[in-house]
Structures are given as C-alpha cells and as structure tokens.
Amino acid sequence: MSATLYVGISELVQPHADAGSSRDPLSVTRDAALLVRNGVVVAAGPRELVRSVPDVAAAEQVDLGGRAVIPGFIDSHTHVVHAGERVDDLARRARGETYASIAKAGGGIRRSVRHLAEATIEEIAQQSLPRLDAMFACGTTTVEVKTGYGLTPELEEKHVAAIELTAKSVKQQLLPTLLAHVPVSPTGIEREDVVRAWHDTVIPKLAKRVRYFDVFVEDGAFTADEARKLCGYARSHGLGLKLHVDQLRDGGGAALAASLGALSADHLEHTSAVGARALADTGVLACILPGCSLMLRDWPNARALREAGCEVAIASDCNPGSSPLVDLTLCGLLAATQCGLTLDEALWGITRGGAKALGLHDRGRLVPGERADLVVVDHTDFRAIFARPNRPPVHRVIVGGLPK
Ligand code: NIG
Ligand code: FE
C-alpha cells in the first residue's frame with residue numbers, strides 16, 4: 001500500500017493518552033499534516049515538521065482544504081446487532097410506565113429476545129447494517145457489539161453468528177462481547193440454571209469467538225455474586241471484562257467493577273462518591289451512556305466522576321429499547337450539556353476513552369504507530385463536530401488510511 005500525506009489540516013486534534021484531571025485532555029496543532037503508510041500513522045504534527053520526514057516526497061499528497069482532523073470515534077458499548085424495534089416500550093414510557101415495570105411485564109429486553117428468536121441470522125444482519133452505516137457516516141470507526149438478546153446457549157450462539165455475519169459487510173471493525181443480560185429465559189428455566197448454563201456452556205463454547213464478557217448487574221438482572229462468579233470464569237477464558245452497573249439504583253456496581261479489574265464500568269447513573277473513587281483508584285474507565293439517559297430521563301454526573309479522578313468514556317449503548325441512537329457526536333453533546341463534561345472531555349471520551357474502555361492501544365489517537373482511523377470535520381474548528389447533532393459535519397471518514 002502506498003503512503004499518503006494529508007495536508008490542508010486547519011487543526012489536528014490529539015487526545016492525550018490519559019485524560020488527566022487538572023489539564024485539557026487534548027492538544028491541538030494548527031496548520032498540521034499527517035503522513036500515513038500501510039494504514040498506520042507515520043507522522044502527525046506541524047506541517048513543516050511532517051514534511052521533513054524521510055521519504056515524504058514519495059507519498060501521494062491529499063489536500064483536505066483547511067479542515068479539522070480528529071481520530072475516528074470508538075463506540076465501546078453497543079447492542080447494535082439486534083432484530084426488531086420496541087415502539088410499544090416507548091409509547092408505554094411516554095404514558096408514565098417505567099423501564100423496570102415494562103421489563104417485569106415481559107416487555108423490554110425479553111421482547112428483543114423474542115424478536116431475535118423469530119428472525120433468521122441473515123435478517124438480523126440485514127436489519128443491523130443500516131444502523132452501522134449511519135454510525136460510520138457520523139464518524140464511528142470501531143464498534144463494540146454485545147450479544148445478550150439470546151439468553152439461552154442456542155440463541156446466544158445465534159446472536160454471535162449474527163454479529164459475525166454483520167461484521168463481514170460493514171466499513172468499521174466490530175468487536176464482539178458476550179453479554180449475560182438477564183437471568184430469565186423464554187423456556188422459563190430457573191435462574192440458578194441460567195447461571196450454570198452461562199458457566200458450563202455459553203462461556204466455554206463461545207469465548208473464542210468474542211473479545212469481552214459483560215454482565216448486567218441490577219435488580220431484575222444478575223446479582224453481584226453471580227457477576228463475580230461469571231466474570232472470574234470469563235477472565236480465565238481470556239476475555240476482557242465490562243459491566244452494566246448502577247443504572248437504576250446504586251448497587252455498589254462501580255466498586256464491584258473496580259474489584260474485578262474490569263476494563264470499564266458502564267451506565268453509572270446512580271454511582272456514589274465511594275464507587276467513583278474506586279474506579280479512579282483502579283483505573284477502570286467510567287463509561288457513560290447519554291443516549292440511554294435521554295430516553296429514560298436519568299443522567300449520570302460525569303463532572304463528579306471526573307472530579308473524583310475518573311477517566312470518562314462515552315458510548316451510544318445503541319439498542320432497540322433504551323437508546324436507539326447511533327450518533328456519538330450527539331452522545332458527546334449530551335455528555336457536555338447534561339452531564340457536565342467540557343467539549344474537549346467529550347471528544348476524549350469518544351476517541352481515546354472508547355479505546356481505553358476496550359483495552360485497545362492501537363487507536364483513539366493519531367500518533368505514530370496507531371491506526372490511521374480518522375474523521376475529517378467539514379469545518380476549521382473541530383468543536384463544530386458537536387454543534388450539529390444527528391447531521392454532524394463529517395467531510396470524510398478514513399479507516400486504516402483508506403477512504404471508505
Ligand atoms: O445498556 N441495561 C441493560 N441493558 C441495555 C438495555 C438493553 C435493552 O433495553 O434492550 C442497556 O441499557
Ligand atoms: Fe447496554
């Protein structure tokens with residue numbers, strides 16, 4: 001593959017490796033250039049400096065016309081591969097019912113389980129592709145995708161197969177996660193049997209086809225003890241750990257994620273100061289999901305998380321019920337307007353923060369050696385990316401150095 005030298009960059013935004021607590025999490029270089037070879041960043045920085053790199057003359061030059069360049073977005077928490085929609089849930093919530101009461105009555109997650117059971121693997125992929133295309137158009141170049149609408153070993157395997165089929169036709173990289181979502185099943189077996197099935201069958205059988213393991217810890221979902229047992233076992237199969245915690249009440253989930261050495265603790269709408277401190281002390285990423293908060297009117301206090309010393313990632317949680325959002329720039333905007341982050345922190349949260357929440361060291365910044373996944377913003381000021389939610393000013397998305 002030949003090399004490309006991108007010039008005409010009004011500002012090149014570089015997230016710092018760590019979000020830090022007392023300084024800006026980004027640095028911005030004006031009048032910049034970027035040299036990419038074989039899909040990897042070779043040099044990035046002031047134009048004259050990049051132009052002095054050996055062999056630069058051999059690179060094809062592409063003028064970006066005075067636009068800002070930022071790393072491609074990394075969505076570290078999604079359920080984007082699913083079947084059907086839950087319009088009824090939305091209507092019921094609008095009439096005052098709660099997420100929990102709808103779930104208890106057989107709606108919510110269990111409705112999506114029925115949809116997944118009724119669709120073919122091909123149909124699930126067909127329904128998921130437009131969502132992933134829309135994510136890409138908004139600048140998302142890496143997407144974590146959870147199972148969890150299977151529940152039984154057979155349907156969880158079907159969900160993994162649907163993610164694998166979908167991954168063949170999308171422009172981004174998809175990183176699959178096994179999600180132990182709720183301990184009920186369409187066949188009505190007891191919760192002890194569900195936990196046993198995850199331990200004896202789902203994890204050992206499917207671990208090689210996924211990268212991460214996640215558990216929803218909540219009343220009506222799994223207990224902390226069940227999560228501890230399954231997470232320990234998943235880790236012994238080489239899977240990185242992620243947890244859904246403290247969504248509906250403070251269940252001590254952040255401290256649980258910290259004690260398990262998870263990559264991230266996600267949701268955190270009700271996390272206490274003690275939980276926030278535990279995440280900060282252990283370096284577990286705090287991942288907020290503002291799309292879900294928008295739909296369920298329950299916001300995490302990201303400012304308090306930052307002040308406790310946490311690094312905050314932002315993900316879409318794209319799912320058919322509580323967060324049908326695909327646009328990470330909208331999630332970043334909501335993180336700023338509703339959860340107390342600055343725009344710089346929001347950009348860190350959807351780039352380097354997403355990478356860290358997935359334990360990835362090869363993306364999320366545009367430094368030498370990292371993947372050349374980037375968004376060319378159709379504006380001179382990178383912050384404009386947050387200013388047009390649902391139609392962000394994306395001029396071009398480049399993955400592995402190649403325009404897609
Ligand atoms: O992250 N909280 C639990 N799981 C998902 C919701 C999935 C659904 O409602 O279908 C979440 O919000
Ligand atoms: Fe989720």
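Trainee: What should I know before I start?

Mentor: The model is predicted, so local features need pLDDT of at least 70 and side-chain atom pairs pLDDT 80 or more, while totals for chains, interfaces and linings use all residues. Residues are numbered from 1 along each chain as its sequence is written.

Trainee: At what angle do helix H9 and helix H10 pack?

Mentor: Helices are DSSP runs of H or I, at least four residues, numbered from the N terminus. Axes are lines fitted to C-alpha atoms over the stretch in contact, and angles run from 0 to 180 degrees between N-to-C directions. Here H9 (residues 253–260) and H10 (residues 273–282) pack at about 20°, axes 7 Å apart. That makes the two roughly parallel, a label for angles under 35 degrees.

Trainee: Which residues of H9 and H10 meet?

Mentor: Contact means heavy atoms within 4.5 Å. From H9 come Ala254, Ala255 and Ala258; from H10, Gly275, Ala278, Leu279 and Thr282.

Trainee: Where is the centre of the largest pocket?

Mentor: On a 1 Å grid over the protein atoms alone, a pocket is an open set of points where a 1.4 Å probe fits, with protein on both sides within 12 Å along at least five of seven lines; lining residues have an atom within 4 Å of a point. In this case 18 residues line the largest pocket, and Ala103, Lys104, Asp219, Gly220 and Ala221 lie nearest its centre.

Trainee: Which helix gives the most to that lining?

Mentor: H3, with four residues. Helix H3 (99–104) and helix H4 (109–118) each supply at least two.

Terms used: Chains are lettered from A and ligands numbered from 1 in the order in which they are written. Side-chain values use heavy atoms; hydrogens and water are left out. Angles under 35 degrees count as roughly parallel, over 145 as roughly antiparallel, 65 to 115 as roughly perpendicular and the rest as oblique.
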